[in-house]
Amino acid sequence: MDVRLSPEQRALRDSAIQVVDRLAPAAVRDLDDAERTAKLDAAVEASGWRELRSASSPGLGPLASAVEAAIVAEELGRGLADVAFLGPTLAAELRRLAGAPPTASRETVALAPDLSAPACATGGGLGPGAVAVDARDSGAALVLVPLAGGHALAGVALPVAPGPAGGMDLTRPGVPVARGATPVGVAGERTLGPADLQAWTALGLGLACADLVGTMAGAIRLACDYAGSRRQFGAAIGSFQAVQHLLADAYVAMEGSRSVALYAAWAVDALPAAEALAAAAVAKAYCARAARTVCEAAIQVHGGIGNTWDCLAHVYLRRALLSIDLLGGVGPSLARVLEHHGIGGSDGLR
Amino acid sequence: MDFADSPAEADFRRRLRGWLHDNNPGLPASSTSDEYWAGQAPWHRALYDAGFFGLSWPKEVGGRELPAVYDVIVDEELARAGAPPRPSLGYLVQGILRHGSDDVRRRFLPGIVDGRERWCQGFSEPDAGSDLASLTTRAAPAGDEYVVHGHKVWTSYSDAADWCLLLARTDPDAPKHRGLSAFAVPMPQPGIEQRPLRMINGITKEFGEVLFDGARVPAANMIGEPGEGWALAMTVVSHEREPGELGYVARYAKVVNELAGTVREEPGRFGTEQVRDLAWAMVEAEMLRLHVCRRLSDRLDGRSGGPEGSVDKLLMTEAEQAVGHAALALDGAGRGGGDDTWLNVYLYSRAQSVMGGTSQIQRNLVAGRVLGLPSS
């Protein structure tokens, strides 16, 4: 066992840090800078990060492990990168698992209204409220179609102009899928079985956890910088024990999260699907609880300013809220942990 | 980046699992009964003699010079077997290794590591807890000896100890952090009285207080130089804060496994809130296991000690107290019986946010030394 990042993984992290430091938003007003977001998208496109989970060649494994994808996700979260990554990565994973060819156009995945599971088309159409997540510049979203013994893939078209960014996460807009949208089948060589969906869910949870770790790191940095410069009672507020302990607890929660998230990412490719999903559920329960608390603390440290639109603190919180809900937050994750220990019937936790 | 065993690690794990199958003493959870503390010394010796303790320490002191990550395997297998955790004394070893002379290391460390000699740690005093450097126990030179007067408290295993790692004031005129020195004091002598403390869960064999009234210690038993006591104490407590050094991962996982077994046997007996507490205990115990994997891997770069130990201590406390809350929740389902094991696991968990430096002190250290926030 040696869970340090390899030299190649550290190099990947460094290049993600460079892109984020150069092109991610440094202030809330930057979110409206279309020129900047176009440059950020071009940099991510050139890096090939969105294809990390595509098949290296037809029928084979992914180009890179989930650990590499998680390294990128963490840095994008840290920098509040308003660029598509999670959605296209999860779409590429679905195509690879189903033995479907990669698509040249931008594509994401659609989830159930509460984001806790993939959207499923029964009786020829989607139910109300399905959401295409992380849908910036995506023309289509993948959904599941039940078959005997598993699921097939289908795609639904998304509106070309999704309208102004809004909703929970200001950096990764979701797009509602039109009610009754007709999914068009995506030809694949294999039916997605239960283990495929477990592995896919484990990847989604693992990437959400990595994003949460990065989001926490960014929020803590923002709050520490503010606590070091904002003065009251003739001193920097970061010198007051009440503020120090709030931030120390936030840092500790992030470090615990980092440990569970790292294992969850490793487990996606190294463990059987059921084990990987259990590791992901442990990580998600822990990271989801931690991230909300940490981002709330960042707002609190900023005082009144933290409650204004122009302070970045709420952008971190909003990004965290989406990652928390993605494929199941605290309750569903705890239920999965218990199921893995042979304790079922815990639906009350949801 | 790999959490999996290397071939050598897998072989070690197989041998340990086989040995545990035949040699698990089946002691109760460490925190709930004096029977555990009575059985701890033979368990330490058995584990060491079989080659499963002191793995990462130098061969010259009885260690095996294996990478520290082997301790993760030990913790995991002890938990799996429901065996007692490995002895918690790595922090003493680290303190003496770093500050002791060659002679002191050779004299004292092999006996600590192999479990033939028992040690306690005489740091805290009734008026020197979080403010440890204000301690007043005095060691005055007298020929080639020092004579000790003072009062130590929260001294773990003092009743069974052959030696005390004592922190005492040798220069009352120096500033408070500079006038301290450390000694290896022989416990069986007329100038030392040991009194057990009864903790809130009823155990008496873990903590004690020790009164020094003219106790004698040879000057050659000083560990480090005169005035080096504070530096040694900081080495010891920074390692005392690392769960990887303490082996508590196994203790928490053992309790969680037993609690989960209780729920599996009678699933209908427990309500949603109780089961939810158990789920959090599972998450927290697993978090700590994985955090220790990370921290022990960092040691491959030579990184250990330091202010990150305070982060580890706070995570360890969070895990222990979550496990304690689960034990309390599930005990609550069966009140009225005579077995108070789970109640006692819970009560013991309250000490974790105090011993080895309170959680408030750890947060001060994280804020100042990790986050770089301004001092007040």
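Analyst: In this predicted model, 39 residues of chain B are in contact with 44 residues of chain A, where contact requires that the C-beta atoms of two residues, placed from the backbone, lie within 7 Å. On the side of chain B that touches chain A, at least two residues each come from helix 8 (248–265), helix 9 (272–298), helix 10 (308–332) and helix 12 (359–370) of chain B. Helices here are DSSP runs of H or I with at least four residues, numbered from the N terminus. Helix 9 of chain B gives the most to this side, with 13 residues. By class, the side of chain B that touches chain A holds 25 nonpolar, six polar and eight charged residues; Ala, Val, Leu, Ile, Met, Phe, Trp, Tyr, Cys and Pro count as nonpolar, Asp, Glu, Lys and Arg as charged, and the others, Gly among them, as polar.

Residues are numbered from 1 along each chain as its sequence is written, while chains are lettered from A and ligands numbered from 1 in the order in which they are written. Because the model is predicted, local features need pLDDT of at least 70 and side-chain atom pairs count only at pLDDT 80 or more, whereas totals for chains, interfaces and linings use all residues.

Within chain B, the domain assignment, automatic or from a database, gives domain 1 (7–96), domain 2 (119–226) and domain 3 (236–370). The centres of domain 1 and domain 2 of chain B, taken over C-alpha atoms, are 28 Å apart. Nine residues of domain 1 of chain B are in contact with ten residues of domain 2 of chain B. Helix 2 of chain B gives the most to the side of domain 1 that touches domain 2, with four residues.
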